[in-house]
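Biologist: I'd like to walk through this one with you. Can you start with the overall picture and then go into the details?

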Amino acid sequence: MRADMKEKQRVIILKLEKAFLICLLTASCLATAVINAAVFTVESYVEIPAALISVRATDAAADYGAQNLLDGDSATIWHTSWQPAPAALPQSLIFDFTEAVKLSSISVLPRQDMDNGRISLFNLYIKKPGGEFEAVVEGGEWSYTDNIDYKTAIIDPPVEAASLKLEVLYGLNGFVSAAEVKFTGVLTGRVLTAETEQETVPKISYDSVGSIGIYADDEHPRYPGTHVIDNDPDTIWHTDWETGDGIFPHRLYIDLGGEYTITGIRFMDRQDGSQNGSIIKCILYSDSGQETGAVEPTAPNRQVREIPLKRHIKTNVLIIEVTEGYGDFASMAELSVQTEESGVITSWDAFH
Ligand SMILES: [Ca+2]
Ligand SMILES: [Ca+2]
């Protein structure tokens, strides 16, 4: 083949290759774009502010308390006791979050001055709001041969957490120590208190109407929660405006007497002409802490309103957390819960 022919051929091949590459790139770009548009909502992870975290340890030497892990100072450390003998392993740290966070990682800065106690083998457990500790990482290992920077354990997929337990199975030379701990995740904006911790494991005594149990965390003595399922549109649940704390959220617990998949609720506003307490915004929770996010019922009209759920939740106890109501109260005349298994339950049918 002549040299100029060869050159021409090479150019053609190059052009073909380039076209093929562009084609590949375009196809892959399009596919990515479609996937991004259709499926993913990218959550951006932030560092969880130390102000939302408290920590306790199963053991600590005097002056080496666990709070040294959250003080932003790499020179102050948590260390298990070493006298008269090193504390037996495992030892654990428990981090509690005052706001529910969806955790995506934990990073631990080892002590910088010597290697005693640097965490090398561990388990991680997460407690969801109202739940029990469940393992998310078992037999995690950190090594210090390459550097003594932050060591990270990824929590994949991220998990909503009220607490995280770091159980140290082995620290170097049989001690346990660390200088700082930080977390990344998504702040859910859901404030956790001892009360909300309790509510998703209902140890509540319910008043019952038929087979349905009802508990309101705030109710006026003459306007109890049971009024929402008594088949009478003239009787209402109303938060206590005389002695109640008046602080939102207000919660209504409906013990369904069995597990149901909730597809929505309907409720009737008070019928006496006043709008006080009519629900503006609420969140529905399952007894395992599954939630709908903030939902807004159709506009208050002093009649029947609906909250259909895009994401159905499965539960024995449905919790309706009212986060905003007219006049800073919460009230409701009647309620029906719509389920996948049995259609409408509670009293709705009687006056529909
Ligand atoms: Ca420190
Ligand atoms: Ca009623």
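Predicted model: local features only at pLDDT ≥ 70, side-chain atom pairs only at ≥ 80, totals over all residues.

Biologist: How much of the protein chain counts as buried?

Modeller: Of its 352 residues, 35% count as buried.

Biologist: And what share of the contacts comes from residues 24 or more positions apart?

Modeller: That share is 72%, taken among contacts with a separation of 6 or more.

Biologist: OK, the inside next. How many residues are in the largest nonpolar core?

Modeller: There are 34 residues in it. I214, I254, L256, L318, M332 and V337 have the most contacts inside this core.

Biologist: Which strands each supply at least two residues of this core?

Modeller: They are β11 (212-216), β13 (250-268), β14 (279-285), β16 (304-325) and β18 (334-339). The largest share comes from β13, with nine residues.

Biologist: Let's zoom in on L318. What does L318 touch?

Modeller: Leaving out residues up to four places away in sequence, L318 touches I254, L256, I262, L284 and V337.

Biologist: How many residues does the second, separate core have?

Modeller: That one has 33 residues. I53, L93, V168 and F183 are among them.

Biologist: You mentioned L93. What is its bridge partner in β7?

Modeller: L93 is partnered with L166. The strands β4 and β7 run antiparallel, and 13 bridges join them.

Biologist: What about V101? Which strand is V101 in?

Modeller: V101 lies in β4, which covers residues 91-109.

Biologist: Is V101 buried or exposed?

Modeller: V101 is buried, because 28 other C-beta atoms lie within 10 Å. The cut-off for buried is 20 or more.

Biologist: What is V101 in contact with, leaving aside neighbours within four places in sequence?

Modeller: Its contacts are I48, A161, G185, V186, L187 and T188. There is also a distance to look at: the C-alpha atoms of V101 and V159 are separated by 7.9 Å. Along the chain, these two are 58 residues apart.

Biologist: Switching to β5. In which sense do β5 and β7 pair?

Modeller: They pair in the antiparallel sense, over eight bridges. β5 is residues 119-127, and β7 is residues 151-171. In this pairing, I119 stands opposite G171, and L121 stands opposite Y170.

Biologist: How many bridges join β5 to β6?

Modeller: Six, and these two strands run antiparallel. β6 spans residues 133-141. K127 stands opposite F133 here.

Biologist: How many residues lie between the strands in that hairpin?

Modeller: Five residues. In this hairpin, G130 takes a positive phi near 80°.

Biologist: Last topic, a loop. Where does D63 lie?

Modeller: D63 is in the loop between β2 (53-57) and β3 (78-79).

Biologist: Why does D63 count as exposed?

Modeller: D63 counts as exposed because it has 9 C-beta neighbours inside 10 Å. The exposed class takes 12 or fewer.

Biologist: And how far apart in space are D63 and H79?

Modeller: They are 8.8 Å apart, C-alpha to C-alpha. In sequence they are 16 residues apart.

Conventions
Residues numbered from 1 in each chain as written. Chains lettered and ligands numbered in written order. Core = buried A, V, L, I, M, F, W, Y, C linked by C-beta atoms within 7 Å. Helix = DSSP H or I, 4+ residues; strand = E, 2+ residues; numbered from the N terminus. Contact = placed C-beta atoms within 7 Å. Pairing = 2+ DSSP bridges.
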